[in-house]
Amino acid sequence: MQFQLAHFFELWRKRQWAFGQEFCTGSTQNRMFAEIEQEFRRYYMKFTAPVTKNQTLQATIQDLTYEGLGVAKVDHYPLFVENALPGEAVTLQVTKIGKNFGYARVTDWQSKSPDRVELPNQAYRQTGIAPLGHLAYPAQLKFKQHQIEMQFERNQLAVPVKATLGMADPTGYRNKAQVPVREIKGELETGFYRKRSHQVMPLTDFYIQDPEIDKAIVKVRDLLRQYHVVPYDEKRHQGVIRNIMVRRGYYSHELMVILITRVADFPQKDALVAAIVSALPETVSVIQSVNAKQTNVILGPTTKKLFGKSFLRDQLLGLTFDISAQSFYQVNPQQTEKLYQAAIEAAGLTGTETVIDAYCGIGTISLALAQHAKYVYGIEVVPAAVADAKRNAKLNDIRNTKFSLGQAERVMQEWAKDGQQPDVLVVDPPRKGLAPEFIAAVGEMKPKRMVYVSCNPATLARDLAALQALGYHAASTQPVDMFPQTTSIESVTGLSLA
Ligand SMILES: C[S@@+](CC[C@H](N)C(=O)[O-])C[C@H]1O[C@@H](n2cnc3c(N)ncnc32)[C@H](O)[C@@H]1O
């Protein structure tokens with residue numbers, strides 16, 4: 001009994017930490033106790049889920065996970081349900097039982113959500129293309145705002161989250177596509193992976209991609225068939241063509257076609273490239289990326305130019321950018337302009353400030369900020385992106401920038417040691433957020449203002465809590481919908497040193 005009590009308090013302490021609450025109340029407390037109860041059951045009783053595989057049951061969907069799955073609960077045991085929306089009364093069939101949660105599928109709807117929309121093709125939801133496509137767009141925007149609010153609540157952050165800035169037409173927005181090439185029923189096909197699998201579903205209209213990119217993919221697919229190029233066989237690690245990647249300039253309409261192959265040479269290569277250029281006259285660049293490894297990573301370590309330039313040119317906020325195949329470039333150009341405008345506003349520049357733009361990519365934010373600042377220092381880890389950033393500064397005749405190659409966390413530590421003190425620090429890290437060494441360097445440099453551009457609310461909330469401990473105050477967070485129909489969430493947060 002004594003041991004059970006000690007265990008209970010240990011669990012309570014851990015849960016309070018996980019929920020980010022010293023003294024939590026109301027629904028949070030109920031959720032916390034429900035989780036403690038579940039954990040207790042697992043320790044002291046032989047745990048049996050309250051449902052069995054294949055069982056059918058009636059339920060009301062209570063919530064939506066960050067992955068867009070509906071949540072139904074049976075005695076606090078969560079069942080995750082594809083294609084189910086909050087408020088819907090459904091008949092479920094349990095498909096999988098796990099220790100802490102299970103999965104079920106809807107066999108019938110007794111009532112449907114007013115926020116449900118019918119997708120033109122169910123494959124958009126079944127693949128990673130549009131996992132939120134069955135949710136009306138205004139509700140998608142609220143969902144994204146709410147996801148950030150929940151992460152802030154968990155980290156005890158009292159930062160208001162503004163309404164998500166959406167698009168007038170939330171389809172056909174992507175300026176970049178990467179599709180697998182596989183053999184299906186004896187035919188070379190392009191399409192998209194079914195969710196959580198490597199099974200390719202053949203598709204020609206990808207819904208969220210620029211329709212001109214979809215047409216380009218179909219043309220390249222037809223030429224690959226015509227020239228009998230062997231599609232990649234993932235299981236046997238054989239065949240030639242693994243993926244096709246296409247980028248299209250939103251303003252310039254230039255096309256870059258990237259052929260990702262397992263081997264460097266194949267007999268039809270020259271003829272295929274000539275045929276692509278002739279079939280797609282907007283093509284300014286054909287690149288080959290050789291990826292010889294058995295891996296999920298798409299691009300190989302090196303790229304080779306097969307035709308034209310080694311980069312694509314496009315514009316953003318009136319500036320011109322060259323973009324290499326390996327460089328990061330935001331995929332939704334219309335929304336990127338809104339995102340960067342929000343970042344420029346949050347930076348509050350007057351023309352006298354020195355700025356560090358960490359994780360700067362090809363220098364898009366750096367060059368936009370340089371027009372309002374004294375000097376901007378960019379940091380980026382991908383060599384091709386740093387070369388692009390330097391070329392882009394020249395292309396736009398912007399002379400008050402410097403771009404450094406390296407890991408932002410290392411470079412920041414070195415600069416902090418050298419006594420550098422920027423007025424404004426802009427960060428736009430990948431999903432994993434800021435490294436502890438990076439945050440330690442911020443503590444030494446003490447920039448007066450920070451702008452945090454984030455693509456992951458969980459790491460944003462974690463990092464804002466760490467920055468708050470250093471004395472930073474975040475006024476508000478502005479979500480910008482860069483990825484309509486999907487569960488990805490982008491936002492901008494301005495911070496100032498109290
Ligand atoms: C989300 S992108 C932002 C790029 C740019 N700000 C933009 O809007 O186009 C993140 C960038 O960080 C770079 N990156 C990833 N890890 C890094 C690290 N440890 N240090 C520096 N840059 C890194 C990536 O190559 C990528 O260009």
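**A walk through the predicted chain**

What you are looking at is a predicted model, in which local features need pLDDT of at least 70 and side-chain atom pairs count only at pLDDT 80 or more, while totals for chains, interfaces and linings use all residues. Residue numbers start from 1 along each chain as its sequence is written.

How confident is the prediction? The pLDDT, which is the predictor's confidence in each residue from 0 to 100, averages 93 for the protein chain, and 91% of the residues score at least 70. Residues 19-25 have a pLDDT below 50, and this stretch has 14 contacts in the model beyond near neighbours in sequence. Where pLDDT is low, the predicted coordinates should not be read in detail. For the model, ipTM is 0.99 and pTM is 0.89.

Now to the overall form. The C-alpha trace of the protein chain spans about 75 × 65 × 40 Å along its principal axes. The chain holds 12 helices and 22 strands, where helices (H or I, at least four residues) and strands (E, at least two) are DSSP runs numbered from the N terminus.

UniProt, in an unreviewed entry, lists residues 50-108 as "domain: TRAM". That segment is 0% helix and 56% strand, with its end C-alpha atoms 21 Å apart. UniProt positions follow the numbering used here, feature names are shortened, and annotations may be inferred rather than shown by experiment.

The unreviewed entry also has a "binding site" annotation, covering Gln330, Tyr359, Glu380 and Asp428. Let us visit two of these residues. Glu380 sits in strand E17, residues 375-380, and counts as buried because it has 28 C-beta neighbours inside 10 Å. The term buried asks for 20 or more other C-beta atoms within 10 Å of a residue's own, exposed for 12 or fewer, and partly exposed lies in between, with C-beta atoms placed from the backbone. Beyond four places in sequence, Glu380 touches residues including Tyr359, Phe403 and Leu405.

Asp428 lies in the loop between strand E19 (424-427) and helix H11 (436-445). With 24 C-beta neighbours inside 10 Å, Asp428 is buried. Leaving aside neighbours within four places in sequence, Asp428 is in contact with Tyr359, Ile365 and Val453.

Notes
Two residues are in contact if their C-beta atoms, placed from the backbone, lie within 7 Å.
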